[in-house]
Amino acid sequence: MTLLLKGGRVVDPSQKLEKKVDLLVEKGKVAGLGKIQAKKTWQVIDASGWIVAPGFVDMHVHLREPGREDKETILSGSKAAAAGGFSSITCMPNTQPVNDSEAITRFILERADRAGLVNVFPAGAITKGLQGKELAEIGEMVKAGVVAITDDGKSVENNQIMRRALEYAKIFDIPIIDHCEDRQLSAAGHLNESAVSTRLGVPGISRAAEELDVARDTILSRITGGRVHIAHLSTQESLSWVRQAKKQGIRVTCEVTPHHFTLSDEDIKDYDTNYKMYPPLRTPSDVKAILKGLSDGSIDCIASDHAPHTRLEKELTFEEAANGIIGLETAVPLAWEFLIRRKIVSVSRLVELFSTNPNRILNLGRGTLKEGAIADITVIDPDCEIIVDVKKFKSKSRNCPFHDWRLRGLPVMTIVKGKIIFRRDTKV
Amino acid sequence: MPLREKHLLGIEELTLDEIELILNTSRSFREISTRPIKKVPTLRGKSLINLFYEPSTRTRSSFEIAAKRLGADSINVNVSLSSVTKGESLIDTGKNLQSMNPDIIALRHSSAGAPHLLAQYCESVCIVNAGDGMHEHPTQALLDALTILDHKKELEGLKVAIVGDIAHSRVARSNALLLGKMEADVWVCGPPTLIPMEFESFGVKVTYHMKEALEGADVIMMLRTQRERQSDVFFPSVKEYFALYGLDTKKMGWARSNAIVMHPGPINRGVEIDPELAEAGYSVIFEQVANGVAVRMAVLYLLLGASEEPGL
């Protein structure tokens, strides 16, 4: 089928393009950009007033399948991703069983294929069972389709094993995604250690728990030449380490989550467990530093760290509740509201953060709308507005602190390999 | 004038007027406990459930006695023997107890915010925080204030030194808040490992040196070193801790001659306080316990919306 997106503003940093042009999609590929006359048999979509961008990637998602299908499945997570404007997602390996083998990787890809919505690119474990002891069969997993390795939810505690992993991953040129957390420092804590944790009487997590691992990773990356990607970076000092490492030519990249640039620990009210996640919400000055990093280019991408949990795991005291919030369906409008409308970044920079850069980091062979490219496309309506209602999420879970927030800049269409997999009812 | 809030979750939520109301009401109730027949019918027909997820001798019996002296029924839910061990959540337990129509639940829990959670889900019961994690212990701070005021004219300008394990202490937080509201000159003192980050934000002065904390102090409040909460190493040994922060006769000499010594109990004799001192003339530890009953009577009475006069 042939599809013509007419009159949208095409924003594609990969070809430094930002202008109002028509975009033609044929046989799953981008077939043309420019002033294009529609033919009768084509499906024509009026995209005037909309942003047309290469498909967005959320490179940090927990799909929970296999093992915790009560929280999310590959199908429900794919639906949530599509509705959130993502054409591709990377799912973390901390499932039950852990994705530390070719078999589990194949299972995930099969389920994703059956869902037939977004591209699912699994991340495999660095170590068997996420135990931090022996390397998983990384080569086998890469052959099956993993695009990165990570022990997400934990960091690899043993420096020697982390070093070996960085060296070994060079064979496949895949990044190691590190959840930076020194667990000896963070063990007893539940939120950022600050005046807020002191007032609430909840044991705090020192920012040093994250920063030590960020520093270690940049050092090991320099020694080994391996690529390291810092997951959900959250403090000003972590960012300084990354910035400094980049200046020295170290192969380090990083992502931040929308909650870390929209909320701080001071927003935690009444022990609401929807404000509990790792890394914890930091101070307002960290939020400010992250906003700066987003605008000056030192942060590479935005990823949601979509972490579904059931009510049972969240309707507890703050100290007992599970870590994490869902984010697939709010990431793009939060970024639009807080970064574009507040003039922190340009639209083109936003597309880099959501598409160009994660595609480059993970080598997905996408992230561009050049002629002949795979037609993965995200369409945003800057004026489309919603009041977030967690009950309307496609995700199976509801653990989200943004309920009732008014957000603008919604994804209205998600296209994967030329096929419209999500369309929001907006224009009548 | 009643209390504004339905629950007593912490000192943080109380106004100055409310604190004074509770203290005055406590004073008027104190006399009941000295009568030959220690019971009035004020809260007859009301019931209190003590829901305690942590061991407690003083607080639990104090709530129970307070309820009984006012004619209310009180029930202790022994958590280790109840459904909790079968995995029932706090919310479910709360909702089940609520179905039996009690008027008040006094909750002690090892997690901060547990009473707030219970209050959200159990709308028809008043929740009293009887200690939540490292957060607050409001009735303790109220009984401490009552005890200080039995010995000192006013709290304003009084130098109060709170000494010991500040980090794990809900008593320290509630007291810092209450004494701060009353404009006392509050000092906290302990090893840096046991003082939480930015504790100055409570409006108190922080020192690691006993001499600075105790010099000219009117009130010395010794805290328990909560060994059961400490999962890692905060000081090298009890001997060294006592040498630096334990209260003995020599350190007592730095305080004002009419200073009083307080302790929320239970005391680790020889760890934070010289056993001799705990029983010396300036120790008001047992007065604190006695005042605990009066304060809890006042809290129960005020929360249950009893009309203007106590009607003794």
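**Exercise 1. Describe the open sheet of chain B: which strand order, and which strands stand at the edges?**

Step 1. The order is β7-β6-β5-β8-β9 in chain B, an open sheet of five strands with parallel pairing. Strands are DSSP runs (E, at least two residues; helices are H or I, at least four), numbered from the N terminus. Two strands pair if DSSP finds at least two bridges between them.

Step 2. β7 (205–207) and β9 of chain B each have a single partner strand, so one side of each lacks a neighbour in the sheet. These two are the edges.

Step 3. From one strand to the next, the twist averages 20 degrees. Angles run from 0 to 180 degrees between N-to-C directions, with axes fitted to C-alpha atoms.

Step 4. Strand β6 (residues 185–189) of chain B joins β7(B) through three bridges, in parallel. Val188(B) has Val206(B) as its bridge partner.

**Before going on: the model**

The model is predicted; local features need pLDDT of at least 70, side-chain atom pairs count only at pLDDT 80 or more, and totals for chains, interfaces and linings use all residues. Residues are numbered from 1 along each chain as its sequence is written, while chains are lettered from A and ligands numbered from 1 in the order in which they are written. Chain B has a mean pLDDT (the predictor's confidence in each residue, from 0 to 100) of 92. In chain B, 93% of residues reach 70 or more. The ipTM is 0.91 and the pTM 0.94.

**Exercise 2. Trace the pairing of β16 in chain A: which residues stand opposite Thr378(A)?**

Step 1. Strand β5 (residues 51–54) and β16 (residues 377–387) of chain A run antiparallel, joined by four bridges. Here Ala53(A) partners Thr378(A).

Step 2. β16(A) also pairs with β17 (residues 406–416) of chain A, antiparallel, over eight bridges. There Thr414(A) stands opposite Thr378(A).
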